[in-house]
Amino acid sequence: MRWSKSHIYTLKDAPNDAEIPSHKLMARAGLIRKVAPGIYTYGNLALRALRKLETIIRQELDSRGCQEVLMPMVHPAELWQETNRWKEMGDGLLKFKNRNGQDFCLGATHEEVITDYVRKDVKSYRDLPVNLYQIQTKYRDEIRPRFGLMRGREFIMKDAYSFDVDEAAALKNYDLMYDGYKAIFDRLGLQYRIVQADAGNIGGSKTHEFQVLAEAGEDHLMVCDSCSFAANIEVAPALSANQSQATASGALKESFATPGLKTIAALSKVTGVPESKLVKTMFFSTNSGLDPKDTALKPVAVCLAGNDEVNPIKLKNVLGLANPPLLLTDEEVRQVTGASPGSCGPVGLKIPIYIDSAMAGFVDFIVGANTDDQHLKNVNIGRDFTPAKTADIRLAKAGDLCPECGSSSKPGHYRSVRGIEVGHVFYLGTKYSKAMGATYLNTEGVPTPIEMGCYGIGVSRTIQSAIEQSHDNDGIIWPRAIAPFDVHIVVLDPDQEEVRQSAEIIYRDLQAHGLDVFMDDRAERPGVKFKDADLLGMPVRLNIGGRGLKEGVVELIKRKDKSMTKVKAEDATEQTLALLKSL
């Protein structure tokens, strides 16, 4: 492709709403242009990268027996109501009525539609297994879209769905797709980790995320410094190192005045007790928040060490909720406890109390007295209050023991990294098949729910993630596998016939070898072309100019480190092929 014949316009400055490097670079390079918040037009260069990624995905999935289909983006409410996700997904679904007053939504995910598709055809165990996938546009009505394609409202996704006769077969398909995802991301040449994760509204009992490592990643990951274990902080098990088991003194609980001490930090300073040995009590509502008729307050209390934080995803799972619970307001806390936040504790409460497992060894500790400006000391679990459940409900942090190798002779500990979720695999079981009546007749002729799995890759997000991980101050550094073009030819003196002819010969020769070649033949200054070439970031660049051709050479540049080699013009194709092969 020739720049002079293309619709590519670069920008000197990034838009004001571009916050992270990849968003800024994609906008400046003309890869994307905003239509509305979270909605973008993909330029030709972005589309070429997307198509290359889609090709890799199709090759790996097709080779594993998957079949491609294409489902609609517009879904009738009836399908989502069968699984109750019409309510569960809440405002994340963009809902609307057609001219006949019927309810529809834009597809945020396709579990309901694919289950409906399969249940109409699969009748017997002989019809299984089935593994179907699509590459389709989806829409999720994000409250605050940001970071370009990273947190957009409209995006391109590959989603696959497996259907099997039993759990063993379903888990076999899960492993097949897991390996397929590894193959896809290995081919992209990205630094990524596979981490344990939460299933969220999709559901399922087994799930892993594929996370591209990047400083600007939205996801907080905990990875072991000794083994391969990794988990999203949403679900990372929190095992405290050096957890001691003390013996209670036998002293009875006692109230003492704490005027103005509303925070753990203030209480620690006055009492001299480390924050890690104090206990804070937080209050949440177990109402779903999705049913306007469900207005009754259903509070629970959560106790944990003063220097720890509640993990809303873990708490959601412990409480068996579809979504993370909401904190009570100050007024609701007073209604439940009789005191203001900061003076509340578990003793005497008439609501369920959940305590974090790290508190198991706590004795004679301090909690709020449920009276303003009062606390209790010498409080003990079991004697002074009885928890409904003890569970891991805190956020893990750097330094916590690894759950896999933490008990070994050389225990590993968590370190904190950032990641961008680009892929997710779920074992769903029968969540959707039972709800939607998707059954098959087993070998004994008995109707049996189909076992399911689902597997997603954020196609557009992966493209931006690659840029977020691989760039410098001057622009994008594309991985070869998804670069819009393999080679960027910069014609330095397009007004000189010899230069134009030499560039044309090399351009056509490289294309004849199967390479995607982009030629900057604009009547622009060399400095402008060099800056644009660095911004666009193709793996290899060839500078062809009058001065070099007088010496019989052209310049061959590797974008990753900007190393430059002068090669004979007649050897340009051979040397370019060799350089690309080494990348």
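Mentor: Let's start with Arg119, which sits in helix H5. Helices here are DSSP runs of H or I with at least four residues, strands are E runs of at least two, and both are numbered from the N terminus. Before we go on: this is a predicted model, where local features need pLDDT of at least 70, side-chain atom pairs count only at pLDDT 80 or more, and totals for chains, interfaces and linings use all residues. Residues are numbered from 1 along each chain as its sequence is written, and side-chain values use heavy atoms, with hydrogens and water left out.

Leaving aside neighbours within four places in sequence, Arg119 is in contact (heavy atoms within 4.5 Å) with Leu79, Glu82, Met436 and Ala438. With Glu82 there's a side chain to side chain polar contact at 2.9 Å. That term means a pair of N or O atoms within 3.5 Å; within protein, one must be able to donate a hydrogen and the other to accept it, and residues adjacent in sequence count only if both atoms are side-chain atoms.

Now for the loop. Asp127 lies between helix H5 (111–119) and strand S7 (130–139). A polar atom of the Asp127 side chain is 2.8 Å from the backbone nitrogen of Lys123. Not counting residues up to four places away in sequence, Asp127 touches Asp121 and Val122. Asp127 counts as partly exposed because its relative accessibility is 35%; buried means under 20% relative accessible area, exposed over 50%, and partly exposed in between (1.4 Å probe, protein chains only).
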